[in-house]
Amino acid sequence: MNIWIAVAATAVGCYAVKLAGLLVPAGALERPLVQRLAALLPVALLAALTAQQTFADGHTLVLDARAAGVAAAAVALLLRAPFLVVVGAAVVVTAGVRVLTG
């Protein structure tokens, strides 16, 4: 029964967040600062998620094949490679490091 209470509470919470977004006045959303922050927020969240998934294992900091893959992707991005090449470079380097290190 506790799981259904958690499901219901989550559903109510999601609905409340959506309702709060609809209640924000349009004038507040048209401010330049809000528009800049709205444009940059997804990039910052994605970068934080990538860093956490790459360099953390529970509560410890790790440098393993994932870090090498991200570094390869960063180099490919600096060289202005297409997106598929960036992803391919990350995959190949990560797999290669995992094969070499066991």
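Predicted model: local features only at pLDDT ≥ 70, side-chain atom pairs only at ≥ 80, totals over all residues.

**A close look at one packing contact**

Tutor: Happy to! Residues are numbered from 1 along each chain as its sequence is written, and side-chain values use heavy atoms, leaving out hydrogens and water.

The pattern along the sequence is α-α-α-β-β-α-α, with five helices and two strands (DSSP runs numbered from the N terminus: helices are H or I with at least four residues, strands E with at least two). Buried residues, meaning under 20% relative accessible area with a 1.4 Å probe, protein chains only, make up 10% of the 102 residues.

Now for the contact itself. Helix 3 (residues 32-55) packs with helix 4 (residues 65-78) at an angle of about 140°, and their axes are 8 Å apart. Axes are lines fitted to C-alpha atoms over the stretch in contact, and angles run from 0 to 180 degrees between N-to-C directions. The two helices are therefore oblique to each other; angles under 35 degrees count as roughly parallel, over 145 as roughly antiparallel, 65 to 115 as roughly perpendicular and the rest as oblique.

Helix 3 brings Gln-53, Thr-54 and Phe-55 to meet Arg-66, Ala-67 and Val-70 of helix 4, with contact meaning heavy atoms within 4.5 Å. By class, three residues there are nonpolar, two polar and one charged (nonpolar: Ala, Val, Leu, Ile, Met, Phe, Trp, Tyr, Cys and Pro; charged: Asp, Glu, Lys and Arg; polar: the others, Gly among them).

Terms used:
Buried < 20%, exposed > 50% of the residue type's maximum accessible area, 1.4 Å probe, protein only.
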